[in-house]
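Me: Could you walk me through reading a domain interface? I'd like the general idea, then the case here.

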Amino acid sequence: MPTELNKILNFIDGQFDGPVGGKYLDNIEPATGQPYSQVPDSDSRDVDQAVAAAEKAFPEWSGTSTAERSRVLLRIADLIERDLEKFARAESVDTGKPLSLARSLDIPRASSNFRFFATAILHTENEAHVMDGVAFNYTLRQPRGVVGLISPWNLPLYLLSWKIAPAIAVGNTAVAKPSELTPMTAFLLCEICREAGLPNGVLNIVHGTGPNVGSAITAHPKVGTISFTGGTVTGRKVAEAGAPLFKKISLELGGKNPNIIFADANLDAAIVGSLRSSFANQGQVCLCGSRVFVERSAYDEFVRRFVEKTAQLQLGDPLESTTDQGAIVSRTQLEKVKFYVGLAREEGGKITVGGSAPPPPNDRCRDGFFFPPTVITGLPVASRVNREEIFGPVITITPFESEEEVIGYANDNEYGLASSVWTQNLNRAHRVAEQIHTGTVWVNCWLVRDLRVPFGGMKQSGVGREGGNEALHFFTEAKNICIAK
Ligand code: NAD
């Protein structure tokens with residue numbers, strides 16, 4: 001383990017090293033509120049080194065056969081699976097999420113990302129267009145060079161690998177920055193990349209803050225392609241930095257996702273599904289359905305049963321196997337959650353369950369960042385709490401009278417990431433799904449992910465699509481070659 005006094009290190013040109021400026025930030029464990037390691041507080045000098053290493057590695061890696069690139073990525077997937085327990089524990093300690101969730105969802109999905117793109121590149125097709133008697137065109141898709149990859153804290157390894165895997169699979173080299181709040185799994189991934197035989201400089205990871213490292217990546221003239229996942233406010237800064245240089249940018253941003261339950265839904269399934277979509281990962285999944293709308297005739301029953309189930313969720317030490325709800329990622333995020341619950345009271349909402357910080361689950365966690373799953377009813381649809389992204393275990397439930405009304409509620413928001421619709425009426429499912437302005441609409445399910453489908457947001461939830469061919473196309477430049485007959 002290449003740690004130095006419990007320090008996480010940057011990974012540049014295949015080597016682990018501290019930041020040029022020698023500064024570190026404390027890495028806090030959310031469940032205890034205490035620092036448990038240190039993360040480099042890097043700056044533009046480290047980014048310059050990483051870009052230089054990526055640039056140097058590009059000619060050889062982009063010229064490496066597809067079969068060999070595939071083989072290395074498959075090996076990375078194997079090694080993540082071999083070290084699943086180590087990764088899951090690191091992810092749980094770093095983020096505060098239940099170990100059971102990291103073990104069953106985050107880490108397996110990270111290895112799936114590598115496996116998926118490792119095999120996808122073996123099966124791509126090249127388009128050809130023949131012009132009668134004139135010419136023959138074919139499309140060559142070539143890697144774009146050095147790409148910048150920036151990710152948030154909520155699903156750290158899963159979201160970073162969702163970028164790294166397609167980027168390097170098609171022959172790019174990368175400079176990646178995980179969130180400074182959750183750097184540990186990216187650090188462990190570097191070791192695995194070395195062991196898997198990924199050549200030096202193909203993947204470089206620079207740790208540090210957004211203003212110091214993230215903006216140095218987005219502004220770097222040699223990084224022409226940026227894939228960013230994070231908040232909408234930060235996404236705007238990334239877009240502004242890239243626009244004058246005409247960078248190719250993909251933005252996966254925030255959400256305030258509607259979860260619509262019609263009276264004809266299978267209520268048992270809708271309650272179980274909504275419990276997950278409301279509170280998975282303490283509500284810190286960009287796809288969480290934080291605005292629940294229930295048809296009036298089912299409203300009372302839904303609220304009663306949903307609140308009953310919410311109260312049964314076990315909040316506890318993330319490392320305990322009985323825990324359903326762990327800690328919030330940081331003190332700042334906890335304060336934000338508390339602010340919005342206070343605002344909900346001011347805006348006339350009723351806190352039906354949760355709403356105030358619980359006693360610590362055990363002595364180890366006495367200073368941890370905990371907040372219970374919270375359900376708010378009675379808020380106007382236009383209230384701030386119903387419009388703004390909270391990104392925590394807080395949801396609102398609002399009744400509606402008709403299909404038309406709820407479609408209006410769903411779409412009356414600046415975000416458009418994802419939605420869920422619960423109904424047993426097939427025609428209604430299609431009709432409503434077509435009219436909702438979100439990049440994904442789940443019908444009678446939530447968070448079902450097929451890696452081949454386009455993924456991304458409408459409106460202020462993002463620009464561009466990731467997943468399957470969309471990602472392979474994003475990370476390549478399409479060139480038309482026209483040969484006269
Ligand atoms: P954030 O925007 O604060 O940070 C995201 C990343 O950007 C971090 O690595 C951060 O250090 C970096 N960053 C900050 N300032 C930067 C700058 N000026 N230039 C470049 N990089 C900068 O987001 P967060 O708080 O880490 O994550 C939560 C947000 O992410 C929520 O809004 C959530 O909805 C969103 N999210 C979206 C998706 C999606 O797929 N659409 C997935 C997960 C999370």
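Me: How many Å apart do the C-alpha centres of domain 1 and domain 2 lie?
Reply: They lie 30 Å apart. Domain bounds come from an automatic or database domain assignment; here domain 1 is 6–253 + 461–484 and domain 2 is 258–450. This is a predicted model, where local features need pLDDT of at least 70 and side-chain atom pairs count only at pLDDT 80 or more, while totals for chains, interfaces and linings use all residues. Residues are numbered from 1 along each chain as its sequence is written, and side-chain values use heavy atoms, with hydrogens and water left out.

Me: And how much area do domain 1 and domain 2 bury between them?
Reply: Buried area is the accessible area (1.4 Å probe) that two parts lose on being put together, summed over both. Here that's about 2300 Å², with 57% of it on carbon and sulfur atoms. On the domain 1 side, Ala-31, Trp-153 and Ser-461 supply 23% of the area buried against domain 2, more than any other three residues.

Me: Which residues form a salt bridge?
Reply: The rule wants a side-chain nitrogen of Lys or Arg within 4 Å of a carboxyl oxygen of Asp or Glu. Glu-29 pairs with Arg-364 that way, the closest N and O atoms being 3.0 Å apart. The rule finds 1 salt bridge across the interface of the two domains.

Me: How many residues of each domain are in contact?
Reply: Contact means heavy atoms within 4.5 Å. By that rule, 30 residues of domain 1 touch 29 residues of domain 2.
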